[in-house]
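Please read the following briefing alongside the sequence and the model. It is arranged by topic.

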Amino acid sequence: MLILRGKNIHFSYPGESIFNGFDFELKEGEKVVVKGESGSGKSTLFRLILGFQMPEKGEILFKGEPLRGHTLKKFRTQSAWLPQDLNLGDGEVMEVVKYPFRFKNSGNNMPGDHKISQLFFDLGLESETLQKTFSDLSTGQRQRVGLALCILLNKPVMLLDEPTSALDEASKEKAFSRLFSDSNRTLLSTSHDPWWIEHCNRIIDLDQQT
């Protein structure tokens with residue numbers, strides 16, 4: 001099944017054209033990485049998909065329907081989004097991880113402490129991390145907490161912006177094992193990381209777009 005499709009996307013910032021007739025597709029279960037030099041439009045593509053910005057021309061479709069209004073709302077409830085610079089505030093890590101599950105849109109039951117602790121262990125995070133203040137964590141720890149949250153939300157689609165930028169090789173392997181274990185999960189990511197790019201099913205190279 002085709003999950004996302006971009007058709008003839010045009011988008012620019014003042015004095016800078018980002019997309020000029022860009023097309024893309026994302027099928028169910030694919031693990032796709034978007035690569036390109038800085039300024040090529042990787043993060044902009046995610047903002048367009050999430051409806052934070054709108055194409056000047058062309059459209060993005062979610063399961064064949066234009067990604068706006070009710071369809072955009074439906075897509076957001078079925079996707080988990082991890083920005084590159086994750087900020088979950090100054091609360092204790094256990095609390096910030098549980099916070100999204102208090103909302104109906106999470107579509108999930110509140111995960112138990114043991115399940116959260118086990119996932120943290122799987123991602124190479126010490127159990128003491130759960131009692132720390134999120135803002136006190138290192139960049140790599142924050143990144144892994146964000147990945148843990150995306151996994152716990154258990155959405156069919158994940159959007160990950162530079163998910164391994166602050167991780168060492170061992171942490172990358174652990175994250176890969178959890179994120180790619182579900183063949184039905186659809187994953188769209190951006191990355192400069194050759195290791196991550198090599199492990200994805202397919203590459204969308206923005207530097208080769210016309």
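N8 counts as partly exposed, because its relative accessibility is 32%, where buried means under 20% relative accessible area, exposed over 50%, and partly exposed in between (1.4 Å probe, protein chains only). This is a predicted model, in which local features need pLDDT of at least 70, side-chain atom pairs count only at pLDDT 80 or more, and totals for chains, interfaces and linings use all residues. Residues are numbered from 1 along each chain as its sequence is written, and side-chain values use heavy atoms, with hydrogens and water left out.

**Residues with positive phi**

- N8 has a positive phi of about 55° although it is not a glycine, and its place is in strand β1 (residues 2-13). Strands (E, at least two residues) and helices (H or I, at least four residues) are DSSP runs, numbered from the N terminus.
- K63, also not a glycine, has a positive phi near 50°. K63 is found in the loop between β4 and β5 and is partly exposed, with a relative accessible area of 38%.
- G15 takes a positive phi near 80° in the hairpin of β1 and β2, which has 2 residues between the strands.

**The antiparallel sheet**

- An open sheet of 4 strands has the order β2-β1-β4-β5, and its pairing is antiparallel. Two strands pair if DSSP finds at least two bridges between them.
- β2 (16-27) and β5 (65-66) stand at the edges of this sheet, each with a single partner strand, so one side of each is left without a neighbour in the sheet.
- β1 and β2 pair over 9 bridges in the antiparallel sense, and F11 stands opposite F19 in β2.
- β1 is joined to β4 by 5 bridges, and these strands run antiparallel. Here H10 stands opposite K57 in β4.
- Strand β4 (residues 57-62) is joined to β5 by 2 bridges, again antiparallel, and the bridge partner of L61 in β5 is P66.

- Is strand β8 (residues 186-190) mostly covered or mostly uncovered? The strand is mostly covered, since 5 of its 5 residues are buried.
- Both faces of β8 are covered: T186, L188 and T190 are buried on one side, and L187 and S189 are buried on the other.
- Strand β3 (residues 31-35) pairs with β8 in the parallel sense over 4 bridges, and V34 has T190 as its bridge partner in β8.
- Strand β7 (residues 157-161) runs parallel to β8 and is joined to it by 5 bridges; the bridge partner of L159 in β8 is L188.
- From β7 the chain crosses through helix α6 (residues 169-179) to β8, and this β-α-β crossover is right-handed. A crossover is right-handed if, with the strands pointing away from the viewer, the path from the first strand over the helix to the second runs clockwise.

**The largest pocket**

- Rolling a probe the size of a water molecule over the atoms shows where empty space is left.
- About 610 Å³ of space lies in the largest pocket. On a 1 Å grid over the protein atoms alone, where a 1.4 Å probe is used, a pocket is an open set of points with protein on both sides within 12 Å along at least five of seven lines, and lining residues have an atom within 4 Å of a point.
- Which residues are the closest to the centre of this pocket? Of the 23 residues that line the pocket, they are S79, A80, W81, P100 and L153.
- α2 (69-77), β6 (79-82) and α5 (139-153) are the elements that give two or more residues to the lining.
- The lining divides into 15 nonpolar, 5 polar and 3 charged residues. Ala, Val, Leu, Ile, Met, Phe, Trp, Tyr, Cys and Pro count as nonpolar, Asp, Glu, Lys and Arg as charged, and the others, Gly among them, as polar.

- The structure holds 0 disulfides, a disulfide being a pair of cysteine sulfur atoms within 2.5 Å.
- C150 is in no disulfide, and the nearest cysteine sulfur, that of C200, is 15 Å away. C150 is buried, with a relative accessible area of 3%, and C200 counts as buried at 9% relative accessibility.
- G140 lies in helix α5 and counts as buried at 10% relative accessibility.
- G140 and L167 are 27 residues apart in sequence, and their C-alpha atoms are 5.5 Å apart in space.

Technical notes
Grid points are joined across faces, edges and corners, and a volume is the space filled by probe spheres set on the points.
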